Amino acid sequence: MKKSIICILLAVVLALSLVACGEKTGGNTTNGGAGNNTSAGNGETAGNNETPTVEKPDSISWWTHSGLNEEDYVQEWDAAFEELVGVDLKHTQVSNNEYATLLDTAFTSGTEPNVFDLSSEQRLTYFASQGGVADLTDLVKASGIYDRVDPAVWEAIAIDGRIYGVPTEIPSGAETYVRQDWLDRLNMDVPTNYDEFITMLRAFRDDIEECTVPLTVPGFKSAMNLPEFYWDAESDFTYVDGKWVDGMQQPNFKDAMQRLHDAYAEGLIDMEAVTNTTSACRDKWYSGGAGVFNYWGGKWGDTLTTNLKANFPEAEVTGIPAIDETYYRYSAFNVYCIDGMLSDEEVAQVFEYFFKVIFDGKEGSALYYAGVEGLHHNTDENGYMTFAPMKTNPDNNFQSVWGTPWMNVVAFEEPEKFPQPSEIVTTTLDTLAASATFKTNTPVSETLNKITADLTSVREETIAKIVMGDISVDEGMEQYYAKAKELGVDQVLAEMNGQG
Amino acid sequence: MALGKKKSPSSGGEKIIRTNADKPLGVRLYKYRWLYLMYLPVFLVLLVFDYIPMVGIIIGFCDFTPFSRKLKWVGLENFRTLFKSSIFWRAVKNTLIISSVNIILSLTTCVALALLIDEIRVKWFRKTVQSVIYIPHFISWVVVASIFTMLLSPQNGLVNAILGMFGVEPIYFLANSKWWRIMLWIIDRWKGIGWGTIVYMAALTNVDQGMLEAATIDGASRFQRVLHVTIPCISPTILVVFIMDLAKILNIFDPVWVLQNSAVLETSDVIATYVYRFGITNAQYGISTAAGLFKSVISVVLVVIANKMSKKIRGEGILA
């Protein structure tokens, strides 16, 4: 009898454990939100004071993967949004590293959020081609948002002339940061061409005692992070003379590989570049051993300088203009999209009570870009906002909330009243604006959707082997041409150019 | 004579001994009801997380993306795409090489270490050694990769610093195709050797002490006793572990994924990382499921072959 009771108790405990596990999993998926959340409500007015023509939804689900840390008053922000709009906001913060995977998985299981963001490069094209995002063209034009954005932006993010998302910020661009104090010690000027750039790296390597890495970089594939070596070459599909081509099969790519190979062999580029993560590169920069680091402009310029100076107060950093042979590159636009699985009516509801709120240029935009008054920002008697200290790091002020106010795309009514950037941020943004180019949207290709994983790894492998001297440039490129052919790159190009 | 019924050796007549199998199912279920009740949660976990998801195998025969609301049957198209890909076959080759060596190293090092620990007579020292060597098992692969990336760094890693004392040029171990697999095997052993000894330590406690004493009296040296008494005694355990490892031979993922980089893909890309790239990174669920199914089928075939070989050589296997 005693045994029986013990058995029953054990079984119950195990069964409860199982149920608990099940509930935990279920809870996560529920948080993902669903189209069904957007059921009709009471039709109150939205926060932007316009008379709505669509019924108010009960709730809107929204995923973020960057912006505020959870501890930095996110709950308060959500409450402020709900108070402003009168809609239950099901806001889920997702790990940035896993965002793409989790979003795909959510779509697979039908638990995707109503609102999410996508890179306007290949992800948006892919989602649009599969019906994963709603066509917002008519809603954007009717709302007035269209007219408050530079037409070049719509052109850059449109797919076959249709708009599938609204950008919250101009994209980040990468620029090259150099240790100005080292240049001063060497009596050198900021390099303006390739020869001067290489001379500078050699001088860092040979004449600066604490220099362990003249130039640090995470991997070799990104032309955006190595513009001084790539020049106008690209390792991806690129638009040349009115048609799409494989950047790695262009003549200028071989020259870029040769430059990278030579610099690596000379010890000018971080020997561990291929195993570097971006955080490893930042650590090398902060520890004062690296002389050159190409990284995001804007607020990152400030962070790279502040953190370096914390360790080496005498250190000075300068973001240099692009050298003559090349240009800086912006990353792709990040756009807010609405779940394409929703009905037209539900899409209109989400647009009305989310998009029109955060892009109203007034209090909705202030909440989105500057956060909650008294927590994320303070406002003076004239209505000018300044960012407040962070809860998680009181020594530093917030620099953005869900978007950075000075990088907004949809114009504010009184932009001067929003928080303003620091001087170094303005400088780096100006440097980028002077020479950076926007990324063009990649057209739809069914074949590319299927081979992207293999093609990316083949490209990375080829470039790494060439740069590190495992194979010669010619040998490496021949191997790549053969692999590209095997994978069907010709078919991809045919589809991109409308001949597939 | 009916199956399950035996003649009683003590009687000349047809006296039947009933076995449990003769009893009605209901009676047997009732008899072992408490055991079945205890097993129920385990059964449910297996059913929900292992068996029901197997229905997803069908995706391997379909064109399926995150946005597919219906399965579009494409027959063997995904398998054709896979088998045409030289990258897939490279991954198969790497998987077999890396895992085969892993199994051999695992068996030999764990058995050897277990035998060494078994020889330690000071109880507290033996327990301390056991505890210390178990620790790496509990460190996640991500942390292990970070530790070894630092130790093996060509710029300021400890290993290269020591090699430098002997005039050896820095070696970029984790980005060199010739060194990468060797490093993986070493790191994998560092992490797994302690935990792997547990099962052998348990087996060693069952070695007949009488046989060891007899061998000692017969003049066998310590090494001869291990070779001719201890190892044969634990060989059934070694066999079971070998066959179970064989079932997992194609599953290697974590250590490869965290130590892999683009410079060594040629020697490091395995089926599991290939499946991950297609399935998780690229959301091509059809092709990745096909690759996963291929992996599972090969694993089953390997286990069946190993079991048959075991039956032939030793007269027993672990499967029916």
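**View 1. Helix α9 of chain B begins with a side chain reaching to the backbone.** A side-chain oxygen of Asp208(B) comes to within 2.9 Å of the backbone nitrogen of Gly210(B), at the start of helix α9 (residues 209–217) of chain B. Helices (H or I, at least four residues) and strands (E, at least two) are DSSP runs numbered from the N terminus. Just after α9(B), Gly219(B) has a positive phi of about 95°. Please keep in mind that this is a predicted model, in which local features need pLDDT of at least 70, side-chain atom pairs count only at pLDDT 80 or more, and totals for chains, interfaces and linings use all residues. Residues are numbered from 1 along each chain as its sequence is written, chains are lettered from A and ligands numbered from 1 in the order in which they are written, and side-chain values use heavy atoms, with hydrogens and water left out.

**View 2. Chain B meets chain A.** Here 36 residues of chain B are in contact (heavy atoms within 4.5 Å) with 45 residues of chain A. Together the two chains bury about 3,700 Å², and 60% of this is on carbon and sulfur atoms. Buried area is the accessible area (1.4 Å probe) that two parts lose on being put together, summed over both. Look for Phe67(B), Gln155(B) and Tyr172(B), which supply 20% of the area that chain B buries against chain A, more than any other three residues.

**View 3. Ser262(B) touches residues of chain A.** You will find Ser262(B) in the loop between α11 (254–259) and α12 of chain B. Ser262(B) is buried, with a relative accessible area of 15%. Buried means under 20% relative accessible area, exposed over 50%, and partly exposed in between (1.4 Å probe, protein chains only). Leaving aside residues up to four places away in sequence, Ser262(B) touches Val274(A), Glu460(A), Glu461(A) and Ala464(A).

**View 4. Salt bridges cross the interface of chain B and chain A.** Side chains of opposite charge can pair when their charged atoms come close. A salt bridge is a side-chain nitrogen of Lys or Arg within 4 Å of a carboxyl oxygen of Asp or Glu, and the rule finds 3 of them across this interface. Asp454(A) and Arg277(B) meet in a salt bridge at 3.7 Å, N to O.

**View 5. Salt bridges also form within each chain.** Over all chains, the structure holds 29 salt bridges. In chain A, Lys254(A) pairs with Asp474(A), their closest N and O atoms being 3.1 Å apart. Lys254(A) lies in helix α10 (residues 251–265) and Asp474(A) in helix α17 (residues 473–487) of chain A, so the pair ties together parts that are 220 residues apart in sequence. Lys254(A) is partly exposed at 28% relative accessible area, and Asp474(A) is partly exposed at 47%. In chain B, Glu119(B) and Arg222(B) meet in a salt bridge (3.4 Å, N to O). Glu119(B) sits in helix α4 and Arg222(B) in helix α10 (residues 222–247) of chain B, 103 residues apart. Glu119(B) is partly exposed at 26% relative accessibility, whereas Arg222(B) is exposed, with a relative accessible area of 51%. Salt bridges that share partners join Asp454(A), Glu461(A), Lys465(A), Arg90(B), Glu266(B), Asp269(B) and Arg277(B) into one network.

Methods:
A polar contact is a pair of N or O atoms within 3.5 Å; within protein, one must be able to donate a hydrogen and the other to accept it, and residues adjacent in sequence count only if both atoms are side-chain atoms.
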